[in-house]
Amino acid sequence: MAFALPVWIAVQEELLRNDEVDNGAPSCFDDFDDEALFQQFHLNRPCITFITDSVRTRMKKVAVKKPALSVDAMVMVALNYYAHGVSSPAVLQRVGLSQTADSSAVISTASGVIAGMSDQFISFPQIQEAQANVASDIEKFCGIPNVLGVLAPAHFKIRASPYEKDSFRSFVNTLGYTSVVSQIICDSDGNILSVEKCCVGSTFEQEMWESSFKGREIEEELHGPYWVIGGKGYHLSKHVLTPVSEPANDEETRFNEAHTKIHNVMRTMLGSMKRRFRCLMQLGFAQEGSLDKKSNIIKACSVLHNISKKFSVPPPPVAGKIERLHPGKPQSGPVEINTEALKARQELIDKNFSVVSSSEDPPSTDITDITEKDE
């Protein structure tokens, strides 16, 4: 789950205790019918109501400069921008803003508030029961045991000035375009379990992992004897399970197929999130030393992604191909082989992939299977 049931219940109870939340009070969203609501915000009414109430509660707890707009209007402007990547003139007019420039401060404030809700709505499994449930779901999905999530770099396109050559080059990623990159972990259902960092697009995945809070926690075994699934850009370790680079037999081939199947969940999840929040398709201009606003938007959309899944809101239809995950960026110089990790991976393969089960189909790499599961 994206966040545990007790967390969900606690949030609901807090909203009910909040004197400002009044289900009978008019909202600026009331003027939209259900179809127009989804078209403008890519979310349904119950989900938007929950988001608005959560933002209102959050703003009572933290020191936020009081916005000129009501909370409903502020959330409306932000959700409209997230959904389309631009602010709709009709929405701005509805809340009394005359220029797109006026909306930037509103979006920045809302993004900071929603990103700050990540401690409630983005949670890595901590207790033993939650870890066992996540690992069980992943094993049922792909056949690999003792895995807590899928780890990958998530790239988001930005614009960078080509006249600032050194800065521009730092944003160019392995696919040749300028981006910022965050580190994301998700489960087999596409719920986001962790989102960290906002780095220039040329950053090595392994470098992000080693310097991240979650990376240090997992490698120091604070989450127990579990793996996360990582692509070729990561080093095999006792807790990061990478594919076999050159499979030598059927067992290793079957393991790689299972690894690809679960790894593709991240690809589908990111595709779904970018369809719902099209601002992530192009985050605008960025400078190397000022990525906080981009980070807040990415984290805010991650929070909203998890909430939308909790409300079972389908994303907008697929338009074109789902963007592939970025190929791993190998670090220059020799990489020390972790013999203990190699042995652990081989034992896992020998125990779980030596025989093809006659009762189950072999792991599939068909992305459409995963897409249907995600949606």
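**Close-up views of two helix pairs**

**View 1. Packing of helix α3 against helix α4.** Helix α3 (residues 45-61) packs against helix α4 (residues 71-84) at an angle of about 120°, and their axes lie 10 Å apart. The model is predicted: local features need pLDDT of at least 70, side-chain atom pairs count only at pLDDT 80 or more, and totals for chains, interfaces and linings use all residues. Residues are numbered from 1 along each chain as its sequence is written, and side-chain values use heavy atoms, with hydrogens and water left out. Helices (H or I, at least four residues) are DSSP runs numbered from the N terminus. Axes are lines fitted to C-alpha atoms over the stretch in contact, and angles run from 0 to 180 degrees between N-to-C directions. The angle makes α3 oblique to α4; angles under 35 degrees count as roughly parallel, over 145 as roughly antiparallel, 65 to 115 as roughly perpendicular and the rest as oblique.

**View 2. Residues joining α3 and α4.** From α3, Ile48, Ile51, Thr52, Val55, Arg56 and Met59 meet Val71, Asp72, Met74, Val75 and Leu79 of α4 (contact means heavy atoms within 4.5 Å). This contact of α3 with α4 comprises 8 nonpolar, 1 polar and 2 charged residues. Ala, Val, Leu, Ile, Met, Phe, Trp, Tyr, Cys and Pro count as nonpolar, Asp, Glu, Lys and Arg as charged, and the others, Gly among them, as polar.

**View 3. Packing of helix α8 against helix α12.** Helix α8 (residues 128-142) and helix α12 (residues 250-276) meet at an angle of about 120°, with axes 9 Å apart. The two helices α8 and α12 are therefore oblique to each other. Ile138, Phe141 and Cys142 of α8 form the contact with Ala258, Lys261, Ile262 and Val265 of α12. By class, the contact of α8 with α12 holds 6 nonpolar, no polar and 1 charged residues.
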